[in-house]
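Here is a short report on one protein model. It starts with the overall fold, then turns to a loop residue and to helix packing.

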Amino acid sequence: MKRIQKRGAEGRKISFPSDEGWPFAKYLGACGRMVAVNYVGEELWSFYNAPWEKRVDLARQLMDIAEQLTNNDFDFALYLLDVSFDNFAVGPRDGKVIIVDAENVLVADKRQIKQDKPENYDVWYESRFEECDREACLSFSKEALCSRVTVDHNYYAVCQNLLSQYATWRGTTGGLLHNPPAHIAKDGQLEALLDECTKPKKHYGRFQAAKELREYLTRLSAASSSAMAR
């Protein structure tokens with residue numbers, strides 16, 4: 001993992017440290033090309049067959065991470081270009097999801113983009129879904145990510161490679177939210193939101209689907225916590 005640093009508009013510099021709420025493993029130091037970070041916990045893949053309530057909580061956190069990296073007070077967008085179950089880990093005590101391999105993260109300074117005003121900079125950018133016969137593949141345009149203010153890439157990456165029916169890893173399919181309880185499957189809302197977040201049918205549909213999916217998972221997680229507290 002590389003320590004992420006960026007100097008953007010007006011020379012502002014930020015390194016996205018974990019102790020300021022960024023979802024990355026804590027950077028301990030480096031020597032040459034060797035980088036040391038703290039041990040977070042088991043990789044996300046270890047929770048693929050965890051109880052439904054646990055997987056819902058992890059999925060909610062993943063969507064929260066996608067939102068935080070896309071929209072934050074610093075006006076930097078951090079786009080995840082390599083999204084797989086092995087690149088995230090879960091804290092053994094707090095159950096918090098952390099990015100443990102941030103080597104392939106593209107940092108875009110949205111304030112700089114607004115100043116430079118490249119062509120179509122203020123037009124929302126929709127990532128294009130593409131069928132793939134390999135695991136954890138992801139299509140993206142670095143040019144678009146670096147020249148648009150509003151981009152849905154992180155929602156697309158998390159939904160396609162981790163949560164939806166299109167997610168494939170180590171010979172499995174179905175994503176982290178596979179085999180939901182019967183009442184969830186019958187309702188159909190979860191499947192519809194995941195499909196729209198991954199392969200949208202509506203213009204700009206992924207943006208709205210991601211928002212609604214975060215809210216839906218938050219409600220499911222809260223309901224599970226409430227039931228367990230009784």
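Helices and strands here are DSSP runs, numbered from the N terminus; a helix has at least four residues and a strand at least two. The model is predicted.

**Overall picture**

The protein contains 7 helices and 11 strands. It has 230 residues, and 49% of them count as buried. Contacts across the sequence are well represented: among contacts with a separation of 6 or more, 71% join residues 24 or more positions apart. The accessible surface comes to about 12100 Å². Carbon and sulfur atoms account for 47% of that surface.

**A loop residue: Asn-72**

Where does Asn-72 lie? Asn-72 sits in the loop between α1 (52–70) and β6 (76–80). Is Asn-72 buried or exposed? Its relative accessible area is 16%. The cut-off for buried is under 20%, so Asn-72 is buried.

Another is the backbone nitrogen of Phe-74, 3.1 Å from a polar atom of the Asn-72 side chain.

**Helix packing around α4**

Helix α4 spans residues 153–163, and helix α6 spans residues 189–198. What are the values for α4 with α6, and for α1 with α4? The table lists them.

| Helix pair | Axis distance | Angle |
|---|---|---|
| α4 and α6 | within 8 Å | roughly 125 degrees |
| α1 and α4 | 9 Å | about 155 degrees |

Take α4 and α6 to begin with. Their axes cross at roughly 125 degrees. That angle makes α4 oblique to α6. The crossing of α4 past α6 is left-handed. On the α4 side, the contact is made by Tyr-155, Tyr-156, Cys-159, Gln-160 and Leu-163. On the α6 side, Leu-194, Cys-197 and Thr-198 take part.

Now α1 and α4. These helices pack at about 155 degrees. Angles over 145 degrees count as roughly antiparallel, so α1 and α4 are roughly antiparallel to each other. α1 passes α4 in a right-handed crossing. From α1, the residues in contact are Ala-59, Leu-62, Met-63, Ala-66, Glu-67, Leu-69 and Thr-70. They meet Asn-154, Tyr-155, Val-158, Cys-159, Leu-162 and Leu-163 of α4.

Terms used: Residues numbered from 1 in each chain as written. Predicted model: local features only at pLDDT ≥ 70, side-chain atom pairs only at ≥ 80, totals over all residues. Heavy atoms only, no water. Buried < 20%, exposed > 50% of the residue type's maximum accessible area, 1.4 Å probe, protein only. Polar contact = N/O pair within 3.5 Å; in protein donor to acceptor, adjacent residues only side chain to side chain. Contact = heavy atoms within 4.5 Å. Areas by Shrake-Rupley, 256 points an atom, 1.4 Å probe, with all protein chains shown as cover. Axes fitted to C-alpha atoms, helices over the stretch in contact; angles between N-to-C directions. Parallel < 35°, antiparallel > 145°, perpendicular 65-115°, else oblique. Left-handed = near helix turned anticlockwise from the far one by under 90°.
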